[in-house]
Each structure stands twice: as C-alpha cells, then as structure tokens.
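Please read them beside the sequence and the model.

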Amino acid sequence: MGNFAKNKFDNLLNKDFVILDGASGTEFQKRGLKPGEAPESLNFSQPDWVIDTHKAYLKSGSDIILTNTFGASYYKLKSSDLTPEQVIPQAINLAKKAVAEYQADAKQQEPNSTELKDNSRSEYNKSQIEPLVAFDCGPLGALIEPNGSMSFEQAYQDFAGQINLAKESGADLIMFETMSDLYELKIALLAAKENSDLPIICSMSFEANGRTFSGTDIASYVTLAQSLGADVIGLNCSTGPKQLLPLIKEILQLSQVPVLLKPNAGLPDPQTGLYNLPVEEFVENMREAAKLGVKFLGGCCGTNSEYIKALYDNISDLKFNRIEIKQNPMVCSSTKTVQIGTQPLFVGEQLNPTGKKILKQALSDKNYEAYQKMAIIQEIAGADILDVNCGLPGIDEVAAMAEVVKKIQAVSRLPLQIDSNKPDVLEVGLRLANGRSIINSMNGKAESMAEIIPLAQKYGSMVIVLPLDEQGIPETAEQRIVILEKIIEQCENNGLAKENLIADCLVLTAAAEPTGGIECLRTIKLVKEKLNIPTIIGLSNISFGLPARRQLNQVFYAEALASGLDLAILNPEHEEIVATRASHMALFGQDPNQANYIAYVEEKGDRISDNQRITQTSTATTAIKTATEIIVAPSITDAQSLEQVIVQGLENEAAQLARQALQTEMNPLDIIQDQIIPALDEVGRLYQEGITFLPQLLQSSKAAQSALNPIRKAIEVQAQVEQKSAKEVADSKPIIVVATVEGDIHDIGKNIVKTVLENYDYTIRDLGNNVAPERILEAVKAENVKLVGLSALMTSTLPAMEATIKLLNPEQPDCKIMVGGAVLTEEYAKSIGADYYCQNAKSSVDVAKEVFRNES
Amino acid sequence: MKNRINKKAILNYLGYQNQDLSDEFLAEMDEAIDTVLAAAKPNKIWKSMLRSELDLVLIGEDINAHLGNAEQVILMAATLGHEVDFILRRSQRLDMKQAVILDASASVVIETYLDQEEDFLRQEFLQQGKYLSTRFSPGYGDLPLSIQDIFLKILDTNRKIGVTVLNNGLMSPMKSITCIMAILDEPVSKATDPCSICRLKGDCVLRRRGGYCGRFRQ
C-alpha cells in the first residue's frame, strides 16, 4: 500500500502545481460548530458537512484534501467521548467517499457539461491523476518537556498510534500542519517514518517575525525536516500570504524538497471572529509565491472553496520554475542553525567526563546539573556546537546520555555533537536531540561503518569520519585520504551522501609523533582539495605531555585555520583561541570590514575592566568569570572577617578570605563550622526578621558558595592524603532530596531552597520539577534519605503533593517531609501529612538542622 | 513599555519591606528588566462574547459578582512567550539571585503588557460608548483554574499566540495571563476589592507586612 501511495504522490509531483484545500474549521463554524466544540465530533454528528466541504474543495481544483482530524490526537480526544480509533478511520472514509462521489459526478457530467468545459479540472481526469486523501495531523495539544510535562516517549506513542490508524484506513499521505514546536515535529516525523512509508508533507506555523511561538527559525526548521525525510516542507496558518512571502523565500533558498504555502485569509477581527482578506488579494499573493517556486498551494483559516477555485484559475497559466540553490550542510538545535564550512567553528569539548571530576560525579549521582552549567558556560564563551560525552565505566550510559541531552537542551541553544563509541548511546542522543546533530564518530573499520551509517541515515545526522581502519592510523596524509575515499564510497553505496560527512584530520601528539603536526595540516589541505568535505580536529591532543599547553594549542590552531580547517573541538573558554579565530577571520577576508573583530576587541576590553572592578553584580558573566577563573583578586582593605563578608554578600572577598584561612593551616571543616555556618545563621536571622530580603539572602549564599569552593577542594585533598574515597567523604554529609511535585513545572521556589541548603553543606539530590511520587520514593529508598523537601506552586498541584506524602509515609516512616510553596499554609501542610511547613528558604534550614540533630 | 514598568511591584514580588537598596541592586534590577524585555515576544488575543455563551467559563459567585449586569464580556489571553521561560530556566542554573529578580521582573512585565493592552481596549470600547470592568483571572476568588482549558480553547490560544494549558490548569509559557472583563453601559462604580475574595485572606504574608501581591491594578 505504501508503494502504491508513493506512486500516486509521485504522479502528483509531475504536475506544475499541486493544489491543496482550504479551511475546514472556519467553514464548520459557519455551519454551526460552537466555540470550543471539537470539529472532529462532526465526523459522526454531521458527516454530510464534512463530505460537502471536501467536495467543494475538490470541485474547486484541490489535488489533495485533508481529513477532518486536526485535533484527533490521543491527548486531545482524552477530554471528549471520542477516541482516535473511532475518529481517524471515520474521517478518512468520509474523505474517500467525497473523492469517489466527486469523481462519479465529474465522469457523469464531463461529456456534455458546458459548465465543466472551462473548468480545467477536466484535464486532470484526462491525465488520470486522482485527488489524494491526506491524513491531517495537528499538534498534540500538550507541550513536551521542558516547556510542558509530556515526555518524548508519550508524544511518540501518540503520533505513532495516529499514524498506524491512518495507514490502516488507507490514507494516501500524511500532513503534519500548524506545528510550532520543532521537537514535536521531530517526534512526529520519526513516528511517521518508523511506522509507515507514506509520503509526508510537513508544515509549521510561523509568526511574521520569522519564528514560531517556541522560537524556531526557518533555517532550523528546514534543516531538521529535510534531514528526517519530509517530502514537502512549508508554512501554514498564522497570517496572510503576503506576510509569509519573505519566510517562504527563505525556505525556497534552503530546502532541497518541494515547498508548500497554505496561509490564512488574513487575520481575524477580534470582535466578529471573521477573516477579512479579499479573495483577489489572497490569490495575487499566492500567484507571487507560485512564481517564486512554491509548488504546493492551499489555504488555511478563513479561506473557503471560493479562494481555492480562484487560486486554481489564477495560476493555471504558470509553469513551475524553481532555481535550485546549493547550500553548505547545516546542523541545528530548535532555535539555532550552524552552517558547516562557511567559517571556522568551535565545538565545545568540555561536556566530557574524561579528567573532570565534577562530571564523573554528576554521572554517578545521576544529577546532571553540572552538565547544564558547563553547557551554558561553553555557549557563552563562544561555542557553536556542543560535544556531549557520557562515557564512564559502570554506569548505564544510554540512560545517562538520554537525560544529559534533555537537560542540556533545556538551558542551551546550541546544536549537539553526540560523542560515544557505542551505537546505542549514539542512537539515544541523536533521537532525543532537538535538532540535527553530528555523530562523533565513525571510522573506516567495516564494523564501525556497518553500525554508524544506518544511524546517520535514520536520524539524518552528519558524521565525523576518522581516517583509520583495521590496519590502524596511517602516518601520511595521502594514506589517510585513501581511507577517507573508501569511507565515502561505502557511505554513498549505502545511500548516505558525501554532504553529510566531516573528515577528522587526526591530530597526533607532537611529543610522541614529530611529524604528526605536519601530517595533520597536510591532511586538512588534501581533504579540502580532493574530497571537498568539511574538516575537523580535536585540537588539544597536539600538546599532550608538554608544558604550557595552551600556547602550543593556539599556534597549532592558527596553522590549522590557515590550512583550511572548518571545525575544531576545543575549549572556547580559552581566550587566546577565541582571539586566534577572530584575528584569522579579520586577516583573511572572512570578516567584512573587520566588523566582528572590532566588536570582539571592544567587548574584550569591557571584560578586562569588569575584572578589575570589585564586583557585586550577579550577572551571568560574573558566574562565567568565576568559572573560568579570570577574576583579578580584589584587595581587602579593611580587616574584615570571613563571616562579615558573607553577611555582606561579597563574593570575591569571601573566596579570598577562605583561601587565606586555608593557608594558615586551619582545618577546612573547622572553617565551615566556626566561620561559614555562623555567618549563614546570621544571614538567615537578618532575612527572617525582615532586615534583608530575598535577593540579599541569595547574594550572601553566593558569597558563602565562593568561600566553600576552595574549602571543598581542600577537603578532597585531605581525604586523598588520608586515603578516604570520595564516596566516604560524601557519605559523611546528610542527604536531602528536593523536588517540585508531579504536574508542576514551576521550580524556582525549590531552587531557592536548594541553594540555601547547599551552603550548609548538605548533599542535595535535586530531582527537578514534575516529579512522579514513585520517583521520589525511589530516590529516598536508594540512599535511605531522612529528609525530603517538596514544592508546589499552584493550588491545582497540591493534590500531587498529598499523593507523594501518602506514598512516602508508610514506605519510609523515618523520612521526614517538609513542604513549601506560594499557596501552602501551615494548616494545609499538616492536613496532608507533612511533618514540616516551610514558609521560606530560611525555615527549610531550621528544619534540616532539627532533623539531622536528632539523627546524629 | 519600559517606562510603564513599576519597579515597586517587582520589589513586592521579591518580598521587599523597605530595606536599603544598593546602587548595584538597582542596576541589576534595570538589567533584569532589559533582559526580560529583550527576550519577550508579547502577544495577546481577545474576543468579545455573550455572557450567555459562557456557562462553562463563568463559574462561581465571585466572577459573576464582578461582571455585574453585563451581557457581554471580553475573554483575553496574553503571554511573553517561551523565550522568557528559557532565560528564567537558564538563569536558575547559574545564579539564583539573578533568577529571582528576572522572575519577578517578568511577572511585572506581563502585567504591564496586559495593562497596556487593556488601555487600548478601553479606549476602543469608549468610542462605542461602552465601559470595561477591571480584569478578573481564573484562580481569583472561587473562579477555578480548571476552566483554563476551555478558556484557552475558545480563544484558540495554542494556534493564535502559542499558549497551552498543561495538566492542572497551569499555562505554558509560564508568564501568561488569562482574564475576563465585563463590557458595561456605565462606568464601574466600585471595583472588586482584590483581597476580599482571595483564598489566602487571613493567612497572607504580604498582607501582614502591609502590602499585597499586586495581581490587581493599583
């Protein structure tokens, strides 16, 4: 059936233009559909309305009609008395019935009807192209994490279920339309590809500002949809055709597949609800789109058969003509696209646990906040793409990659490069990444190619290819080219085009391989000359084992750029690397008028003067400065104590005084007990008594944190000397689990509490927001936790809080539960069985002290 | 919009009780407002409807008292968009102090945007000799949050301005507001006292401190 559908669709592609239908929702409203009522119910209550609407479009010239199933997702229909199992087959049957009746009518009338003579629809029948029925699939109606609470898997199941029903009911193709979340579209496309081989039209709804509501831009949309195998890409709904023309031009430049435009009849009048763009204007703009090369044309809200008939008539004299534009390959997140090969790019290398204790800890604790912080810092430092690696012995790497990818894309906009030597880890990363990613990596070994090529095809990814094979790493550039040629051939034989590949030019350690540097640069040049694919290196390998590595890296990077390097995996927090790239581009014609270079130097100047200021600001850049350790140490003029500077919220002073205290060989634990804890108690008292307010409390937390950083390092060193494992050190600290309850995605309150508790040196297991009771129970059991903090912001999520307590109490009677949140009261907290009610972050500290005093 | 933003309201959200404010803090607050305004893509949709069509929405005594004898009402939804959610989420990973200031600023920015849109509407209706009541939102008094779903469906907010209701009546983007206004023939003589119908009446921290949450216009 699939192939048959494909053939019918291919026949349609032979036409100059393909006409779709117009609106159905607004048409049904005219007939009496009530506001808020589901149009899908009409498939049963008013089937003749549905058939009549379809037939009116067919008579007007539609080649494709959309079934009345826009809102037929499992999620949306849950609140009605209908199911997709009822709606989808019924709606497809109605559409097919409409096509059959229309064809019968046309046949009957054709020989002697004067009416139909000037209706060029009759030509269609001559060319035997029959109108197709597209299963119309709209957004699910729920938002996917992190914007909402629906999981990737739930969304996938919903789409897959709908698609299977459509396939079984004989739909000719699938049309995803009015999508505004690129992640949802990705899931929909995967579900369609994995459950059917029906042709796919996909269409998103963009605002005139060039973004969807969830922030996706045209380039990211086209990059993703095309890489996942959409047959047609376009725009529908949102506004009138004129406003969408600039956006459709952008799509025409980027897309290699046919393009669709199905706009509204203008915008509705809020008082009447009517759309008011006149037919003539609509058609005129649509003709413009057709001339630009848009092949699939139709109408959305407010249009009717009159619009479609006029559209059909108006473009009948045009010949389809579209200029193909060759583009460099692109990767994307949901909001950002990066073109590969246009200018030098940074792939941030820091999201890799190798040599990074904090990420190893994150992986073994399954608490991925450190990855999130690192991702934000790499992005702000100038990374264009983030390499993500979760390799750590003894963990479930697949589960870790899944969580890390989700967590990173909640806080970063960058496209991802999924880094693993395990195909199942790569697959989960590619699948969950919101966008088009890069695979790191594949090599010339038969096994590697057999595993990776299908992944790259399925997820439409780019692939880094390494010129090494069963014989090992070849020494010379020429030998490497031979392997790369072999890899390209193997890829192309298996349907993976060369355009998807990036050549790793292999940096060998200079200290061990004297000619390694030269051969790498020669490989870069040869790949550019002979293979014409983008190049990448992992930069820092060059300096391994040598002192002052950063300057060696810098020089090698400059040489590699001069040789034509496109991407480098490196740490963009290293200022000299950023400077090298900016300078290279300014000097070699990649930076018109050196504008970016000048802006870079000005910004850098600002940063330098910022560092010299004793700063109390709490901007993101301050956090970056802390992270990158480029702070100029402040001079402490007065004889201030550590306690005082924490109370005053002076971060740099607090860090410096903590370091000074450590130099006097004070016991790190004593510094915490005798200076930091009393300071925090004072901070809490001032807050409790209303002498300070929340931002001041949090500023002091930051100061305490910057004092604690060197102290914790010292404790680790001490533990190593005493040969205690990191685990033993961690075990000595009480653990508190915190979570925002199921259904609630507002977790700022919980995060405030966490920040304050962390200062008191408790180990916090933050389970995040929208956390199911079972997961909280699991976390409590896993480490025999004695205190749990639950947060809920809205009255409507309080029942979930109660359910969590009801689950925890009998199972873990020793575990105390504290609750907080804007709408909670002491009385209510007690009534749902909480042990403690916390009015603010300070009271959570009091509770923790009480609980763990009793413990010890 | 920047000039209209009430910094006192931001401070209110942060629990301010006349503590000394440093210049650094004030600068930070300005920066937060700018950040929110830069990220915000404010958008709104409204529809005037017959009160009699809205049985499923106008539930409870408080909203019906608020609407008085109006036969027509306005349903309205407004949002700052997902980008603001993103920067709020992101800031909570780096710096909670900045995060709470951004969050409070965003709450005030959406209110301010709605104030502005409300003023436009007021002018528009005044030209037809009509007056609007103040805004009343789901969750106020005994108007349940559970109507949010049907409310958003009627306005088709998912398609029109990208606002979706999550389970439990919460909206995404987070900085979104829905509200109801009465269309009246006479100017409103007495606005609903915001605190008198509040669930937290008698147990409100802000009230005890002599303030209030600022959800209603001053």
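1. Chain B contains 8 helices and 6 strands, where helices (H or I, at least four residues) and strands (E, at least two) are DSSP runs numbered from the N terminus. Along the sequence their order is α-α-β-α-β-α-α-β-α-α-β-β-β-α.

2. This is a predicted model, in which local features need pLDDT of at least 70 and side-chain atom pairs count only at pLDDT 80 or more, while totals for chains, interfaces and linings use all residues. Residues are numbered from 1 along each chain as its sequence is written, and chains are lettered from A and ligands numbered from 1 in the order in which they are written.

3. The contact between the chains takes 46 residues from chain B and 55 residues from chain A, two residues being in contact if their C-beta atoms, placed from the backbone, lie within 7 Å. On the chain B side, H4(B) gives the most, with 8 residues.

4. Helix H20 (residues 477-493) of chain A packs against helix H21 (residues 516-531) of chain A at an angle of about 45°, with their axes 9 Å apart; axes are lines fitted to C-alpha atoms, for helices over the stretch in contact, and angles run from 0 to 180 degrees between N-to-C directions. H20(A) and H21(A) are therefore oblique to each other, since angles under 35 degrees count as roughly parallel, over 145 as roughly antiparallel, 65 to 115 as roughly perpendicular and the rest as oblique. Among the residues making this contact are Leu484(A) of H20(A) and Leu526(A) of H21(A).
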